[in-house]
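Hi,

Here is the structure I promised to pass on to you. Have a look at it first, and then read my notes below with the picture open beside you.

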Amino acid sequence: MSIVVAPEVAAALARVGPVVALESTIICHGMPYPKNLQTAMEVEAVVRGTGAIPATIAILDGLPHVGLSGEQLKRLAISGRQFQKTARRDIAHVVASGGNGATTVSATMFFAHKVGIPIFVTGGIGGVHRHGEQTMDISSDLTELGKTPVAVISAGVKSILDIPRTLEYLETQGVTVAAYRTNEFPAFFTEISGCQVPCRVDSPEECAKIIHANRNLHLGSGILIAVPIPTQHAASGSIIESAIRKALKEAEEKRIIGNAITPFMLERVKELTGGSSLEANIALVKNNAELGGKVAVALSNLQKRETKSKLL
Ligand SMILES: O=c1[nH]cc([C@@H]2O[C@H](COP(=O)(O)O)[C@@H](O)[C@H]2O)c(=O)[nH]1
């Protein structure tokens with residue numbers, strides 16, 4: 001399959017330099033224009049600030065792209081929902097029909113791995129939906145994490161999902177789940193979920209070592225690094241939580257199912273909180289991007305040191 005890799009990204013990968021993959025569903029389905037464009041550009045700038053190269057991933061006119069120009073980012077941001085939400089199962093169809101796809105975590109991981117990017121930053125991943133034991137609505141993000149060796153840096157999963165079952169499912173899939181500077185798995189808008197994680201990491205270097213070990217052992221599975229929302233932005237957490245409960249009830253009443261649930265919830269929670277959920281969302285994505293960039297730099301240094309010592 002042909003994948004268009006931006007020259008800057010290809011050059012960085014060729015020299016084992018630091019690269020961070022970024023998804024596009026968050027741009028087209030997660031935020032309104034023009035905030036989505038502003039955020040996408042700011043997130044790329046945060047990654048660059050750490051010394052890493054950002055690579056936003058999307059399907060444009062049937063061609064998967066890794067690394068987008070400013071013009072392409074703008075096209076995505078303006079088109080919004082006209083870009084199809086594209087998870088792994090949708091990739092072949094979007095490509096075959098020459099369509100435009102905004103990649104979710106699962107599809108972004110797939111393309112990142114194909115071109116050799118080991119680190120990917122997003123806001124939140126999908127998970128096991130509430131009542132998932134009856135509906136079997138489990139995001140393909142979780143199965144992708146089970147079979148694709150990419151480290152995903154996120155603020156955990158939203159409490160619109162069933163967090164304990166999401167963690168159980170990740171365990172079944174053999175995914176390494178680590179929390180950054182905490183022992184508790186974060187719940188996106190709040191630092192706490194009541195769920196403990198099996199592994200705690202306290203520095204970008206520690207994250208890089210885990211990714212390196214995962215790769216050297218050819219484990220083949222992914223890694224989830226969960227970063228709590230910065231404290232100053234978590235203040236509105238309880239307001240957002242009650243909005244989430246209300247929106248969940250509405251989704252149930254309106255019988256919204258499948259891949260329409262997440263965009264509905266994001267939009268409704270934003271309305272119910274007068275936009276404060278959007279500001280918190282932007283802040284946590286940028287925070288994740290900062291760590292992702294630093295981890296990519298640490299991993300690149302580790303790989304270069306190893307190559308050097310093998311040559312000696
Ligand atoms: O807090 C968020 N969770 C999830 C998403 C997006 O939704 C996708 C999961 O969708 P689903 O639940 O339909 O698998 C994720 O991969 C991501 O792209 C998002 O934007 N914001």
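**A buried asparagine**

At 7% relative accessibility, asparagine 214 counts as buried, because the cut-off for that word is anything under 20%. Please keep in mind that this model is predicted. You will find asparagine 214 in helix α10, which covers residues 204–216.

What does asparagine 214 contact, leaving aside its neighbours within four places in sequence? The residues are Pro149, Leu219, Ser221 and Ile223. With serine 221 there is also a polar contact: the side chain of asparagine 214 reaches the backbone oxygen of serine 221 at 2.9 Å. The C-alpha atom of asparagine 214 is separated by 28 Å from that of histidine 129, and the two residues are 85 places apart along the chain.

Asparagine 281 belongs to helix α14 (residues 276–311). Its relative accessibility is 8%, so asparagine 281 counts as buried. Not counting residues up to four places away in sequence, asparagine 281 touches Met31, Phe188 and Phe189.

Histidine 65 sits in strand β4 (residues 63–66). With 12% relative accessibility, histidine 65 counts as buried too. Its side chain reaches the backbone oxygen of leucine 63 at 2.8 Å. If residues up to four places away in sequence are left out, histidine 65 touches Val4, Thr56, Ile57, Ala58, Leu60 and Gln72.

**The strands around β3**

Strand β3 runs over residues 53–60, and 8 of its 8 residues are buried. Which residues point each way from β3? Ile53, Ala55, Ile57 and Ile59 point one way, while Pro54, Thr56, Ala58 and Leu60 point the other way.

- With β2, strand β3 pairs in the parallel sense over 4 bridges. Alanine 21 has alanine 55 as its bridge partner in β3, and valine 20 has proline 54.
- With β4, strand β3 pairs in the antiparallel sense over 4 bridges. Here the bridge partner of isoleucine 59 is proline 64. The two strands form a hairpin with 2 residues between them, and aspartate 61 in the turn has a positive phi of about 45°.
- With β6 (residues 101–103), strand β3 pairs in the antiparallel sense over 2 bridges. In β6, isoleucine 59 has glycine 101 as its bridge partner.

Strand β2 (residues 19–22) is covered on both faces. Val19 and Ala21 are buried on one side, and Val20 and Leu22 are buried on the other. β2 also pairs with strand β7 (residues 119–121) in the parallel sense, over 2 bridges. In β7, phenylalanine 120 stands opposite alanine 21.

**Helix α9 and its two sides**

In helix α9 (residues 163–172), the buried residues are Ile163, Thr166, Leu167 and Leu170. Seen down the axis of α9, these buried residues fall within an arc of 95°, so they line one face of the helix.

What do the buried residues of α9 pack against? Their partners are α8 (140–147), β9 (176–180) and β11 (223–226). On the face turned away from the buried side, α9 carries the exposed residues Glu171 and Thr172. After α9 comes glycine 174, whose phi is positive, near 75°.

**The ligand**

How many residues surround the ligand? There are 14, and the closest are Glu23, Val105, Ser139, Asp141 and Lys158.

- Glutamate 23 has a polar side-chain atom 2.8 Å from an oxygen atom of the ligand.
- Glycine 124 has a backbone N or O atom 3.5 Å from a nitrogen atom of the ligand.
- Histidine 129 has a polar side-chain atom 3.5 Å from an oxygen atom of the ligand.

Taken alone, the ligand exposes 470 Å², and the protein buries 92% of that area.

Enjoy exploring, and write back with any questions!

Best wishes

Technical notes: Residues numbered from 1 in each chain as written. Predicted model: local features only at pLDDT ≥ 70, side-chain atom pairs only at ≥ 80, totals over all residues. Heavy atoms only, no water. Buried < 20%, exposed > 50% of the residue type's maximum accessible area, 1.4 Å probe, protein only. Arc of directions from axis to C-beta. Contact = heavy atoms within 4.5 Å. Near = heavy atom within 4 Å. Polar contact = N/O pair within 3.5 Å; in protein donor to acceptor, adjacent residues only side chain to side chain. Areas by Shrake-Rupley, 256 points an atom, 1.4 Å probe, with all protein chains shown as cover. Pairing = 2+ DSSP bridges.
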